[in-house]
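Welcome! Take a moment to turn the model around on your screen before reading on.

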Amino acid sequence: MATTYEPIATYTVSGGSTSTITFSSISGSYTDLVLVCSGNSNSGTDYPRIRVGNGSASATGYSNTQVYGTGTTATSYRETSQTGFIFATYPATSARVTTIFNIMNYSNTTTYKTVLMRDNNSAGNVTAAVMLWQSTSAINYIELFLTNNFVAGSTFTLYGIKAA
Amino acid sequence: MTPILGIMASQISGHLETGAYESISTVTVGVGGAANVTFSSIPSTYTHLQIRGISKTNRTSSSVDSIKVQFNGDTASNYTYHELIGNGASALSDNVTSTSFTVIARTAGNANTNFFGAFTCDILDYANNNKYKTHRTLSGVDLNGSGALFFNSGLWMSTSAITSIVIAPQTGTLLNQYSSLALYGIKG
């Protein structure tokens, strides 16, 4: 049986001048994408964002609903009509924040795109979120970016899942 | 912001192929919708199953619906589940016992045509004949102002190996066109 879960691309940050990671020209031959991020900021607390798009990163049409636990309480909040999705808090400690995105049915041209996310920050919150991109365009472009820079050693791997 | 790094997927070669994750079946709902999607004759050659999908139902009383499942045609009260839900304002939890199905997703109901919920559901040790079967889910639907994030675990109180799964709306009567559900097997 054909392999169905395969890595598409991996990027490991070297040096201290990388503020944007881009996966472009993503093949439409998979059913879902999974993006695994292990990262942090190299300079102070930062808030990494993700944008998706077709040919370039879209800066409109994002919303999300989240639930998170702080260690003492659990709560939920929502953002609407955003320019991107802040998916974590990078604390700029030696810890890495691990985030996994499931970008579901990303290449169809009929539905808005829904992304499921789990974020694990050992120094802060544990979070789950559903993100919406209000576009029927196929996603072939993913951009992750910070205000500062990603710390060296941050890794970002994109996988594709095929279906029968 | 101008990207400063780019990775051309088409330029990547030497893919790692573990072969441990295989596609078993995929169903995309056609015109007119479907009362359910059934995966049958599921082989017992895997260790775990995963269902992944996007979905929407024809529920008219709410913009949100749920997706329920039944295993091996069992419609008796042999299911129980717990939920953790984020509704955008607070985190809620509940449980349902001795019911005739278990729930694996929150999804879109009577909302804009293009809104779909999404879910991933792991069914663990599904072919084991000595234990009840447990699944876990991460799902959600965001409607730009409403919706929910949904964690769930469910139990089917049967020691039978799972060989079929029926997936249907909990309240609506149809899964809408373009709902797409895929079953995968994970080898041990």
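Here is a short tour of the two chains, one after the other.

What you see is a predicted model. Let us begin with chain A, which contains 0 helices and 12 strands. Starting from the N terminus, its elements read β-β-β-β-β-β-β-β-β-β-β-β. The C-alpha atoms of chain A take up a box of roughly 40 × 35 × 35 Å along the principal axes. How does the radius of gyration of chain A agree with that of a compact globule? A compact globule of 164 residues would have a value near 15 Å, and chain A has 15 Å, so the two agree.

Now for chain B, where you can count 0 helices and 13 strands. Along the sequence, the pattern of chain B is β-β-β-β-β-β-β-β-β-β-β-β-β. Chain B has a radius of gyration of 18 Å, close to the 16 Å from the globule rule for 188 residues, so this chain is as compact as a globular protein of that length. Its C-alpha atoms fill a box of roughly 55 × 40 × 35 Å along the principal axes.

| Chain | Residues | Buried |
|---|---|---|
| Chain A | 164 residues | 54% |
| Chain B | 188 residues | 45% |

Finally, which parts of the sequence meet in the fold? In chain A, 77% of the contacts between residues at least 6 apart in sequence join residues at least 24 apart. For chain B, residues 24 or more positions apart account for 77% of the contacts with a separation of 6 or more.

Terms used:
Residues numbered from 1 in each chain as written. Chains lettered and ligands numbered in written order. Predicted model: local features only at pLDDT ≥ 70, side-chain atom pairs only at ≥ 80, totals over all residues. Helix = DSSP H or I, 4+ residues; strand = E, 2+ residues; numbered from the N terminus. Rg over C-alpha atoms; globule rule 2.2 N^0.38 Å. Buried ≥ 20, exposed ≤ 12 C-beta atoms within 10 Å, placed from the backbone. Contact = placed C-beta atoms within 7 Å.
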